[in-house]
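Here is a short briefing on one protein structure. Look at the sequence and the fold first, then read the points below.

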Amino acid sequence: MNSNITEREVKSRSGWLMLAVSILSIIVGIAVMVYGFVISEEIPMLTLILSLLGILIFLVGIICLKGLRVLAPNEGIVLTLFGKYYGTLKKDGFFFVNPFCSVENPASGRYNKKISLKAMTLNNDKQKVNDEDGNPIEISVVVIWRIADTARAVFAVDNYLNFISTQCDSAIRQVARQYPYDVSDNGDEKSLRGSSQEIADVLKAELQNRVNMAGIEIMDARINNLAYAPEIAAAMLQRQQAAAIIAARQKIVDGAVSMVDMALKKLSDNNIVELDDERKAQMVSNLLVVLCGNRDAQPIVNSGSLY
């Protein structure tokens, strides 16, 4: 089968009309055979002819029944005629097609060969991969996809369900090793954890490029689970906690410095008290200890001279 084959719609007729013709053919065939046996004693040769004709009409009716197809919305069947692609039937309803056509779908069961045209979900299992920095991570994705070209889905690959699952695993590894798990210190690059929408777009494009040959359309692809591998999870958690503590301390120090500066300016502008450089340094030191400390300050009342 040519791998460049594309989908084409098969010509079909109303199933109700052909059902009536098939039933009528079966009844007429039986009637002709019975009539042939009734007159067998009078004209043997005519009996033989009528019997053969009745059998032929009966078989025509039975064969026509094989060409009747029922399709629900968003269902399709791929038909072959003597090994060649005949066409695809995608309309919902009751139809009659060439009864000698066979239905092909290697990804389905033995009796139900219909192809679902609905949007389907692939929830890939977690797999261990390495990010850009070489850290082992566990990642899984959810892919929303549908069959856009039934002919390529059936004939271009052996089993399109296994094909998209395999390509999804490969695409995850390809995308994951291009980005770090988390942003770097300068924070100017994309990461798997922090750039969810950008990573989803890259993953969708990568996966779509891989499954085009199977006639599959990727509607959405997003990371479902993302975590460090167990062997480094504890160390990475400590690293994240340390980074969070440092960032919090930086904000506390910045706020304390601005408050001290504001206090000194207020005291000077309102002529509340005149402080020399030594007393200003002592005041700054005391205020920074109070504002940056982890515990509440314990005030000491000085009843003597300031100096």
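F155 is buried, with a relative accessible area of 19%; buried means under 20% relative accessible area, exposed over 50% and partly exposed in between, with a 1.4 Å probe and protein chains only. The model is predicted: local features need pLDDT of at least 70, side-chain atom pairs count only at pLDDT 80 or more, and totals for chains, interfaces and linings use all residues. Residues are numbered from 1 along each chain as its sequence is written, and side-chain values use heavy atoms, leaving out hydrogens and water.

**Aromatic pairs**

- A search of the whole structure finds three aromatic pairs. Rings of Phe, Tyr and Trp (its six-membered ring) pair if their centres lie within 6.5 Å; planes under 30 degrees apart count as stacked, over 60 as edge-to-face and the rest as tilted.
- One of them joins Y85 and F155: the ring centres are 5.6 Å apart and the planes are at 70 degrees, so the pair is edge-to-face.
- This pair links distant parts of the chain, 70 residues apart. Y85 sits in strand β4 (residues 84–89) and F155 in helix α3 (residues 150–155). Helices (H or I, at least four residues) and strands (E, at least two) are DSSP runs, numbered from the N terminus.
- Y85 is also buried, with a relative accessible area of 6%.
- W145 and Y160 form another edge-to-face pair, with ring centres 6.4 Å apart and planes at 65 degrees.
- W145 lies in strand β10 (residues 136–147) and Y160 in helix α4, so this pair ties together parts 15 residues apart in sequence. Both W145 and Y160 are buried.

**Helix α4**

- Helix α4 (residues 160–176) has 17 residues, which should span 24 Å at 1.5 Å a residue. The expected span is 1.5 Å times one less than the number of residues. The end C-alpha atoms of α4 are 24 Å apart, which agrees.
- The buried residues of α4 are Y160, F163, I164, Q167, C168, A171, I172, V175 and A176.
- An α-helix has 3.6 residues a turn, so residues three or four places apart point the same way.

**Open sheet**

- Three strands form an open sheet in the order β1-β5-β2, with antiparallel pairing. Two strands pair if DSSP finds at least two bridges between them.
- The edge strands, β1 (13–14) and β2 (68–71), each pair on one side only.
- β1 pairs with β5 (residues 93–96) over two bridges. F95 in β5 is the bridge partner of S14.
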